[in-house]
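Thanks, everyone. Let me put the structure up, and then we'll go through it quickly.

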Number of protein chains: 2
Amino acid sequence: MSPTKPKVYIVGVGMTKFCKPGSVDWDYPDMVKEAVNSALDDCGLKYADIQQATVGYLFGGTCCGQRALYEVGLTGIPIFNVNNACASGSSGLFLGKQIIESGNADVVLCSGFEKMAAGSLEKLASPIDDRSKREHYAKIAYKNHLHSVHNPKSQFTKEFSLDQVINARKIYDFMGLLECSPTSDGAAAAIIVSDRFLEKNPRLKSQAVEIVGLKLGTDLPSVFAEKSNIKMIGFDMIEKISKELYAETKLTPNDVQVIELHDCFAPNELITYEAIGLCPLGKGHTIVDRNDNTYGGKWVINPSGGLISKGHPIGATGVAQAVELSNQLRGRCGKRQVPNCKVAMQHNIGIGGAGVVGMYRMGFPQSAQSKL
Amino acid sequence: MSPTKPKVYIVGVGMTKFCKPGSVDWDYPDMVKEAVNSALDDCGLKYADIQQATVGYLFGGTCCGQRALYEVGLTGIPIFNVNNACASGSSGLFLGKQIIESGNADVVLCSGFEKMAAGSLEKLASPIDDRSKREHYAKIAYKNHLHSVHNPKSQFTKEFSLDQVINARKIYDFMGLLECSPTSDGAAAAIIVSDRFLEKNPRLKSQAVEIVGLKLGTDLPSVFAEKSNIKMIGFDMIEKISKELYAETKLTPNDVQVIELHDCFAPNELITYEAIGLCPLGKGHTIVDRNDNTYGGKWVINPSGGLISKGHPIGATGVAQAVELSNQLRGRCGKRQVPNCKVAMQHNIGIGGAGVVGMYRMGFPQSAQSKL
């Protein structure tokens, strides 16, 4: 690792409301424009300040990123269309961080979008162990819907009762509609900069969120060697890169207050508690039992409402997680603000596949404090 | 620019033969496997040495890169699927170089592939000025077909007469079949490493090709402001990044002996002579008239046969150019070897779009010499 590798900060974030496909009269360039302009406004930068850009998406032909960004700020800059399944957005963020670390750019735009077809996502799910019961999954979905009530960007913002979750129309096996992330249209954007840029633009320090660490992995041989649904959805990959993240950042889940976690389906959230080491293997349900995943507990997990309530516009998802975490760290989340929020964690995964985990904190907490 | 930014070298290259779609019983993972294994063999490295990878392609769903690379070396490493139209391969190379410059990896695999449908590519073309005549385009195609005779990886390896080129079945306006790049299946791969890696593996110095400079641009406002076919195919973008490349590398076309240039159609090659500054604007035809684009002239342009003869499997194209140039610099090209080859230039473009230009030379010419 180069001793002079610059630190990387998120200084501007923006996103559209996530919406039911077909409910808004827009195409993907409209969404991207709204999210990117919102991120630029957030930090007072112009498109002309952007030196390179990544655009994550799943459904779309080649160069959708160019098509969308040309409209925002006619251009010439390097643009990369990144396609890593449901981790496309965070893969772009990971690339953007490396681009800044390379010294080739001081300001990179990382964005993602999806314009989806109507209909629900369906996927395999299986209980993780005998102790996790049907109710544990339902409680996770109940919690995420409850969190979304205070997130105006969420597709759903409605509280449902646990009974409603349990008795919802079944999508697969025991799993009901309210435990699955809905298809969604939307876009999200983050402007990331180097420490060198911040030194020249000190006004941004008070809102600069440091990307303390970000790890990306792909599937390990166990995915193919073992006939396990849990391995198949990337358990080993996430476990490995989380351990690497903790070693590299010298931060552990004990340092974290808020987590945006890839809850494409309620069981995935529970499984991920174990994969990222919030608890020992087979003990994910204990976090649910102790309410350690919501306000008043050890962590607030998916304060945005998560994918289950906020929606899962695939390419936007990983970037939108970074948007929520940045706003949480900056204390801008109003009624869904996680108290005493110092360190935030991200988890985003795409089957087949890639997984990303990251740690964030305010880069200059004293500057941030003086602004509050 | 960081003062400690590592230099980046290509140490291993490989590619499949480029083939008519449907003529070989393979799928894209087979192609990628062959190209990557060939690149690994070329430098005596193992898949386990690879720390990150890029995979360029146009036709294919999400995570084709993972699907292909998992089979080569079950994995876990960050893999990025890069889609930048016909410049996808070189966009991946550009990203790979930045990843090494970031200090996050010392060995990156940059690959690309395409499995295409049958049928020819068709596109607009217009004469660049009154002085360029129909024969100039035909002569370029004639030259590229002639070059391909000694390239066993080329889809076509047949010499055609100028009359055959001129009288071939017309594809668009005056342009005939032999002046258009054929659709093609194929894959290419390059292993790139940092100077730090080379210090630890000095045996590779004798074959290490330095990426002296690599620039990527996207369309400029003139594409939209002016109703010009020539602007539309990226003239201004290529002119701009070429000038930046020359300024950054302190190399000019006068230092170059060999060029792999994106000749998707014969007129594009002529136009590009002007865009990259081989001659003044409106004088592209003089290079043809003076035979300054072939053996015995000032440059050898497309010794591989170019896209017109070698084929244009989209995601592989930009990487395959780097393969040819590396082999030219290393003196490994047999009967198509460009004599006294010291500096090589690359030009790869995708409409809609992105363009890449690069400069290459042997990193350690004395080591290379002592091996010859």
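First, a term. A salt bridge here is a side-chain nitrogen of Lys or Arg within 4 Å of a carboxyl oxygen of Asp or Glu. By that rule, chain A and chain B have 0 salt bridges between them.

Ground rules next. This is a predicted model, where local features need pLDDT of at least 70, side-chain atom pairs count only at pLDDT 80 or more, and totals for chains, interfaces and linings use all residues. Residues are numbered from 1 along each chain as its sequence is written, chains are lettered from A and ligands numbered from 1 in the order in which they are written, and side-chain values use heavy atoms, with hydrogens and water left out.

Now the interface. Interface size is often given as the accessible area lost when the parts come together. Chain A and chain B bury about 3,400 Å² between them, 51% of it on carbon and sulfur atoms. That buried area is what the two parts lose on being put together, with a 1.4 Å probe, summed over both. Each side puts in residues: 42 from chain A and 42 from chain B. Contact means heavy atoms within 4.5 Å.

What about polar contacts? The rule finds 32 residue pairs across the interface, both residues at pLDDT 80 or more. A polar contact is a pair of N or O atoms within 3.5 Å; within protein, one must be able to donate a hydrogen and the other to accept it, and residues adjacent in sequence count only if both atoms are side-chain atoms.

Which element of chain A gives the largest share of the side that touches chain B? Helix 3 of chain A, with 6 residues. Helices (H or I, at least four residues) and strands (E, at least two) are DSSP runs, numbered from the N terminus.

On to one residue. Asp106(B) lies in the loop between helix 3 (88-101) and strand 4 (107-114) of chain B. Is Asp106(B) buried or exposed? Buried, because its relative accessibility is 15%. The cut-offs: buried is under 20% relative accessible area, exposed over 50%, partly exposed in between, with a 1.4 Å probe and protein chains only. The side chains of Asp106(B) and Ser194(B) make a polar contact of 2.6 Å. Beyond four places in sequence, Asp106(B) also touches other residues, including Gln51(B), Ile192(B) and Arg196(B).

Gly331(B) sits between helix 13 (314-329) and strand 11 (343-350) of chain B. Gly331(B) counts as partly exposed because its relative accessibility is 44%.
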